[in-house]
Amino acid sequence: MNGSSSSRTHQRLRRSSLGQGSDSEDSGLLNEQILLRVFETIQWDLQALCSVAAVNRKLRAVAKRLLWRELCVFRAPRMLEILTDGLTQSRVNGGWHALAKLLFFCCGCESTTHFRVTRSSPGHFTKETRFSKTSGRSFLTKKFRDDLLFVSDPCEHPTGESDDDLGIYRGVFKGFNKSKTRGFLIRRAVPFEEGLRCPYCGSRVWSMTAARLIPSSAWRRLGSHDGGLEYFVCVNGHLYGTCWLAPLSSEDEDEDEDDDEEEELNGRDEVEGLRFEHRTAVNQSKKSCRFGKDNGEEPSAGRDKIWETA
């Protein structure tokens, strides 16, 4: 009896080990190469990648380790070349999934200590975004201009309550751990903003208003006014913020066109334009597009729950 029971146990263990070996082989390099080929074919469609990452833990892990990085490199090659010093296979602060989210997702807006809005604005995918080093320099005080920062053009949100529209922007530092900006925040023991987390990586954030690190060039660059903006920087070097966009006169519009033309002429590597297009027949609803699993919540549920990264 004992011998028969031992034999059956041995057979079950053998079948189990064979099953595990097969599963390991299926989840290895072969399937990853197939996934890479598929996404190369559809030009790294963002919604398709979100849908794949929402299937199960295994695919979410593959996306977090490999696919988000490849999407970033494909969609923003010049920007990533600069941010990583050409080492695009290396890690980035906060993870590649957080950087991918920052490239394509406007985080929305809620009232903060130094910036009040009558109602919150939900986060959403952006159809088109331009990131610029020139804009990034405008967000740095003169003594920190050696830092390298990419900042997007503001995403405009009409409020319908005044002449000023709400602008929401985002950005990322290169090598934030070694930046002068971070060094200053650490040396001065600037406290983290209470109750706020980075909408891209979930880390603690510093208010640049509280740290008195917002130069006048920032609000001029955004087309805002003094005191009409606020932005935060997290421990991983992600920047996000809000501003009131003053209506532009025809003269202002002409000046902006001249500035953009000068940017392009002075260095083509300074501007990276990103466009989000639907290229595949996938579920078009926003709630199916998460950096992780779909938790079934609409975008209006709040920016901290819009995009799962776990």
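The questions and answers below concern strand pairing and salt bridges in a predicted model.

User: Is strand S9 mostly covered or mostly exposed, and how many of its residues are buried?
Analyst: Strand S9 spans residues 238–245. A residue counts as buried under 20% relative accessible area. S9 is mostly covered, the number of buried residues among its 8 being 7.

User: Which residue of S9 stands opposite Leu-166?
Analyst: Strand S6 covers residues 165–173 and runs antiparallel to S9, with 8 bridges joining the two. Opposite Leu-166, the residue in S9 is Trp-244.

User: How many residues apart are Asp-85 and Lys-174?
Analyst: Asp-85 and Lys-174 form a salt bridge, with 2.6 Å between the closest N and O atoms. Asp-85 sits in the loop between helices H5 and H6, and Lys-174 in the loop between S6 and helix H8. Asp-85 is exposed at 55% relative accessibility, whereas Lys-174 is partly exposed at 26%. The pair links distant parts of the chain, the separation being 89 residues.

User: Which helix holds Lys-180, the salt-bridge partner of Asp-146?
Analyst: The side chains of Asp-146 and Lys-180 meet at 2.9 Å, N to O. Asp-146 lies in the loop between helix H7 and strand S4, so the pair ties together parts 34 residues apart in sequence. The helix that holds Lys-180 is H8.

Terms used:
Residues are numbered from 1 along each chain as its sequence is written. This is a predicted model: local features need pLDDT of at least 70, side-chain atom pairs count only at pLDDT 80 or more; totals for chains, interfaces and linings use all residues. Side-chain values use heavy atoms; hydrogens and water are left out. Buried means under 20% relative accessible area, exposed over 50%, partly exposed in between (1.4 Å probe, protein chains only). Helices (H or I, at least four residues) and strands (E, at least two) are DSSP runs, numbered from the N terminus. Two strands pair if DSSP finds at least two bridges between them. A salt bridge is a side-chain nitrogen of Lys or Arg within 4 Å of a carboxyl oxygen of Asp or Glu.
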